Amino acid sequence: MKIKLTKCHGSGNDFLIIDEISNSYTFTEEERANLAIAFCNRSTELGADGILFVMPSKQADARMRVFNADGSEASMCGNGIRCVARYVCELLNVEEAVIETMKANLEVKNEADIFPNIPTYLVEISPVSFQTKDLPLHVGKETLLNEKIESLHPNLEFTALAVPNPHLITIVDKATIESSVQEEISSYVNGPNELFPDGVNVSFVSILDKGSIYVRTYERGVGFTNACGTAMSASSLVSILNGFNKSGDYIEVYNNGGKVRCYVHENDGNYRIDLIGNATYVYEAFVETDLEKPADFVLLEKAMEEQEAIHYSKLQDAAQAYINEKLV
Ligand SMILES: N[C@@H](CCC[C@H](N)C(=O)O)C(=O)O
């Protein structure tokens with residue numbers, strides 16, 4: 001069958017959108033997982049961190065399903081939903097929309113450009129839970145807030161939260177970010193282990209300045225990515241809980257793929273986060289594939305979005321210069 005793909009990225013976290021609203025594709029669950037494994041493979045002409053299936057919805061303007069590169073399905077994707085927000089808003093010719101995700105219907109809208117000529121979308125990140133059962137994390141406690149997990153590291157203090165996909169976050173210094181510690185912990189908690197039976201996204205966060213943080217994430221189902229939108233949202237909240245920032249202030253979140261802006265809303269101990277950042281198209285492609293053997297796909301056409309890449313590279317250069325100056 002012939003499949004149309006739109007390659008896009010949010011902060012360099014890149015995805016292939018498959019539009020099941022405009023095209024009459026029907027996939028089984030196994031086929032979706034196998035398409036993700038085949039098309040996300042970086043040694044092919046495609047390659048991505050995940051596939052975003054955009055589907056019709058009975059309760060919202062569209063539905064998003066997220067498959068990681070290893071074929072596992074995630075409940076949410078912050079960078080991905082910005083790409084879906086742009087795709088759906090342009091498809092329906094609207095400025096804002098509601099997107100159905102696995103655990104919530106989320107509001108998204110077109111926003112003033114975060115940087116000149118960078119299409120920017122604001123997406124709602126919620127629900128937020130600190131209950132360990134919602135990750136799940138088996139640690140014998142209802143919550144884990146700035147606490148050590150001796151089996152992971154003797155000194156680091158972790159906070160666990162679901163937004164609603166699972167995150168494990170620690171605030172560290174530059175030397176720790178640059179060490180092998182994050183990779184070791186992340187590989188362990190994303191392999192067979194008793195703490196996180198479903199795996200977890202692991203972020204190391206550094207405070208750069210008042211109102212700005214740096215986040216590096218090892219993503220469940222993928223490995224290190226340029227950025228993870230839900231992790232940056234969760235890390236912004238953790239930076240507030242640790243007194244480095246305030247809810248009601250914008251937080252600039254720097255990452256290896258650029259930067260986003262987060263805004264944490266608090267209401268009676270309940271949180272909702274606005275994630276604001278780019279939704280950049282990379283190319284549009286058509287592939288011919290046999291759903292029984294998707295790894296043998298043939299790339300038929302690829303039309304690059306050169307201008308979007310040029311504009312985005314300026315944001316990336318500015319973000320990298322700031323990280324180089326402030327991450328000390
Ligand atoms: N990159 C995403 C998160 C994708 C899912 C994640 N790997 C998981 O399994 O929870 C983001 O931008 O939030």
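Predicted model: local features only at pLDDT ≥ 70, side-chain atom pairs only at ≥ 80, totals over all residues.
View 1. The domain assignment gives domain 1 (2-124 + 278-323) and domain 2 (132-276), with bounds that come from an automatic or database domain assignment. In contact here (heavy atoms within 4.5 Å) are 29 residues of domain 1 and 31 residues of domain 2. The domains bury about 2300 Å² between them, 57% of it on carbon and sulfur atoms, where buried area is the accessible area (1.4 Å probe) that two parts lose on being put together, summed over both. I114, Y322 and I323 supply 24% of the area that domain 1 buries against domain 2, more than any other three residues.

View 2. A nonpolar core is a set of buried Ala, Val, Leu, Ile, Met, Phe, Trp, Tyr and Cys residues joined through side-chain atoms within 4.5 Å; buried means under 20% relative accessible area, exposed over 50%, and partly exposed in between (1.4 Å probe, protein chains only). The largest such core has 50 residues, and M64 and L161 have the most contacts inside it. Its largest share, seven residues, comes from helix α2 (residues 78-92); helices (H or I, at least four residues) and strands (E, at least two) are DSSP runs, numbered from the N terminus. Because domain 1 and domain 2 both give residues to this core, it lies between them. E308 has its place in helix α6 and, at 16% relative accessibility, counts as buried. Leaving aside residues up to four places away in sequence, E308 touches R86, P119, A279, T280 and Y281. A polar atom of the E308 side chain lies 2.8 Å from the backbone nitrogen of Y281.

View 3. A salt bridge is a side-chain nitrogen of Lys or Arg within 4 Å of a carboxyl oxygen of Asp or Glu, and the structure holds 19 of them. In one, E100 pairs with R63, the closest N and O atoms being 3.9 Å apart. E100 lies in strand β6 (residues 96-100) and R63 in strand β4 (residues 62-68), so the pair ties together parts that are 37 residues apart in sequence. E100 is buried, with a relative accessible area of 14%, whereas R63 counts as partly exposed at 28%. Another salt bridge joins R86 to E90, with the closest N and O atoms 2.9 Å apart; both residues lie in helix α2, four residues apart, about one turn of the helix. R86 counts as buried at 7% relative accessibility, while E90 is partly exposed at 44%.

Terms used: Residues numbered from 1 in each chain as written. Heavy atoms only, no water. Polar contact = N/O pair within 3.5 Å; in protein donor to acceptor, adjacent residues only side chain to side chain.
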